[in-house]
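Please consider the structure shown below.

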Amino acid sequence: MAAPEFNAFAENYDAALQRGISLSGENKDYFITARLRWLRRRLTQLSKLPASPTILDYGCGTGSAFSHLRETFHASRIVGVDVSTVELEIARKNHPWAITYTPDDLPADLKADIVYCNGTFHHIPPPQRPAALKLIFDHLRPDGLLSLWENNPWNPGTRWVMSRIPFDRDAITLSAPDTRRLVRTAGFEILRSDFLFVFPRFLAVLRKMEPALSRLPLGAQYQILCLKPPPALKNGDAASF
């Protein structure tokens with residue numbers, strides 16, 4: 001979806017999203033919080049959790065995740081990026097402490113420790129996805145991390161929810177293998193793939209099983225957690241002691 005379509009939905013974005021995800025029995029804040037807690041736990045397990053990071057929210061929309069990102073990771077700076085200038089205006093109004101840009105305006109010297117990207121790539125036309133990943137790659141520090149969340153098209157509930165959301169109905173979904181191929185081609189190293197949100201609210205008692213099921217392609221969303229490798233040393237560049 002291009003910027004004009006997102007601009008048209010901006011004022012009613014949250015309400016339209018809620019109508020779709022209400023089938024799960026939860027609201028958007030539940031999913032944001034769960035994603036970020038999952039990410040923090042994985043980074044802690046991998047000894048990759050940066051202190052006071054700069055976090056770039058790619059596809060930030062109206063900034064719904066900004067406060068959660070700042071609180072969960074004790075972030076020193078939150079930067080939002082989106083194609084919709086109308087949604088960015090709402091984000092700036094609601095979160096004046098955050099910094100926002102369109103992709104074309106993102107400063108070349110801005111480098112993030114973590115890029116968080118949720119449900120954005122299924123709105124990007126497939127031929128444009130490599131360029132979007134290159135922009136993300138270029139704005140990460142060496143050893144920076146990409147948390148890329150996408151809707152799982154193998155989950156029937158996901159497809160049903162997306163069919164109820166006006167801006168998701170015509171989206172071109174990506175399977176987890178599709179996304180893994182994309183990020184590897186872009187130069188990322190994959191640290192972990194996880195599937196989350198298996199059980200709706202009426203089966204919440206079973207959610208304690210989700211960590212054990214995270215390797216199976218059952219959840220409504222998946223995360224591909226990636227690392228930007230440090231530059232390879234050239235001949236003669238090895239450190240001397």
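Gly-187 is situated in the loop that joins helix H8 (176-185) to strand E6 (189-196); helices (H or I, at least four residues) and strands (E, at least two) are DSSP runs, numbered from the N terminus. The model is a predicted one, in which local features need pLDDT of at least 70 and side-chain atom pairs count only at pLDDT 80 or more, while totals for chains, interfaces and linings use all residues. Residues are numbered from 1 along each chain as its sequence is written, and side-chain values use heavy atoms, with hydrogens and water left out.

With a relative accessible area of 31%, Gly-187 is partly exposed; the term covers values between buried, under 20% relative accessible area, and exposed, over 50% (1.4 Å probe, protein chains only). Apart from its neighbours within four places in sequence, Gly-187 has contacts with Phe-137 and Pro-229, where contact means heavy atoms within 4.5 Å. A distance of 8.6 Å separates the C-alpha atoms of Gly-187 and Lys-134, which are 53 residues apart along the chain.

Most residues other than glycine have a negative phi. Phe-197, however, has a positive phi, near 70 degrees, and is buried at a relative accessible area of 9%. A positive phi, near 50 degrees, is found for His-74 too. His-74 belongs to the loop between H4 and strand E2 (77-81), and its relative accessibility of 54% makes it exposed.

How do helices H3 and H4 pack, and at what angle? Helix H3 (residues 28-45) and helix H4 (residues 66-73) meet at about 30 degrees, with their axes 10 Å apart; axes are lines fitted to C-alpha atoms, for helices over the stretch in contact, and angles run from 0 to 180 degrees between N-to-C directions. H3 is therefore roughly parallel to H4, a term for angles under 35 degrees. On the H3 side, the contact is made by Asp-29, Ile-32, Thr-33, Leu-36, Leu-39, Arg-40 and Leu-43, and on the H4 side by His-68, Leu-69, Thr-72 and Phe-73.

Finally, the cysteines may be considered. The structure contains zero disulfides, a disulfide being a pair of cysteine sulfur atoms within 2.5 Å. Cys-60 counts as buried at 8% relative accessibility, and Cys-117 counts as buried at 0%.

Conventions. Parallel < 35°, antiparallel > 145°, perpendicular 65-115°, else oblique.
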